[in-house]
Amino acid sequence: MSRISIFVGAVGDIHAPKFLDEFRRSLASFNSSRLDLFLLAGDLILKGNFTNLEYVLEAIKQKGINCPVLACFGNEEYSDIRDQVMKIATDRVRFVDDESIVLTVHNLQVGIVGSQGSLESPTPWQAKNVPNIEKTYADRIEKIARLLTGLKTDLRILLTHYPPTFKVLKGERKMFYPHIGCSRCERILHKDKVDTAICAHSHMGIPFALVNDVPVHNVSLPAVHMISFIEISKTKTLDRYMPS
Ligand SMILES: [Fe+2]
């Protein structure tokens, strides 16, 4: 048996330009020397203004982060500007949107499922303005579950903007929990399907909770005021690493 690990930096809710200065300060004090992956948990920009994405990308470049950078969309990357966001991010950030990708890190296969995620119940604005949003959220939970099941990798990460649990929402007003996170998603968090879940969107929540023994990290910048550093590890048999 052997312990395998990767090191991930993660942050969400930069809402550039709103928290851009805090993002830059957080990057300055962040030790990125051991980083294998850098994950952006959505809401990188404020209210759909995609021109501000360039400042986020420039800050990452200035920090010298040269590992793969992946992102999911947040609700403030409005659906009608996501093509422009991906165009600006080309070759610098890979957006993973209701899909999975597999990367090789130190001879380990690492699978990442990325999604905006689901809410327990749509916000009043969404209910009024987004057709079929309840079905979209219900379907998305099933899709994420299928994507996680499909990953046959050494490590599996779920990256969503919306928290896939209420457990990291402590500090938010309880009446708003259903519009900030999704307790129905907890049923897809199981140790045999996902090693770590990373989310944002809860600006007043807590940084960490365990759901069915799966660590869930809320990396929302206004909640934690830092770039989160997460070690993802598991114990594994050495069979596939032994010389034949
Ligand atoms: Fe958000």
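Modeller: E6 and E7 run parallel and are joined by six bridges. Strands here are DSSP runs of E, at least two residues long, and helices are runs of H or I, at least four long, numbered from the N terminus. This is a predicted model: local features need pLDDT of at least 70 and side-chain atom pairs count only at pLDDT 80 or more, while totals for chains, interfaces and linings use all residues. Residues are numbered from 1 along each chain as its sequence is written.

Colleague: Which residue in E7 does Ile112 stand opposite?

Modeller: Ile157.

Colleague: And what joins E7 to E8?

Modeller: Three bridges, with the strands running parallel. Strand E8 covers residues 196–199, and its Ile198 stands opposite Leu159.

Colleague: What is the strand order of the open sheet?

Modeller: E5-E6-E7-E8-E10-E9, six strands with mixed pairing. Two strands pair if DSSP finds at least two bridges between them.

Colleague: Which are the edge strands?

Modeller: Strand E5 (99–105) and strand E9 (208–211), each of which pairs on one side only.

Colleague: How does E9 run against E10, parallel or antiparallel?

Modeller: Antiparallel, with four bridges to strand E10 (residues 214–218). Ala209 has Val216 in E10 as its bridge partner.

Colleague: Which helix packs on the sheet?

Modeller: Helix H5 (residues 133–150), which touches E5, strand E6 (108–115) and strand E7 (155–160). The direction of H5 makes about 175° with that of E6. Axes are lines fitted to C-alpha atoms, for helices over the stretch in contact, and angles run from 0 to 180 degrees between N-to-C directions. Contact means C-beta atoms, placed from the backbone, within 7 Å.

Colleague: Back to E7. Why is it largely enclosed by the rest of the structure?

Modeller: Because six of its six residues are buried. Buried means 20 or more other C-beta atoms within 10 Å of a residue's own; 12 or fewer is exposed, and in between is partly exposed. Leu155, Ile157 and Leu159 cover one side of E7, and Arg156, Leu158 and Thr160 the other.

Colleague: What is Ser233 in contact with?

Modeller: Arg3, Ile4 and Ser5, leaving aside neighbours within four places in sequence. The C-alpha atoms of Ser233 and Asp195 are separated by 7.7 Å, and the two residues are 38 residues apart along the chain.

Notes:
Contact = placed C-beta atoms within 7 Å.
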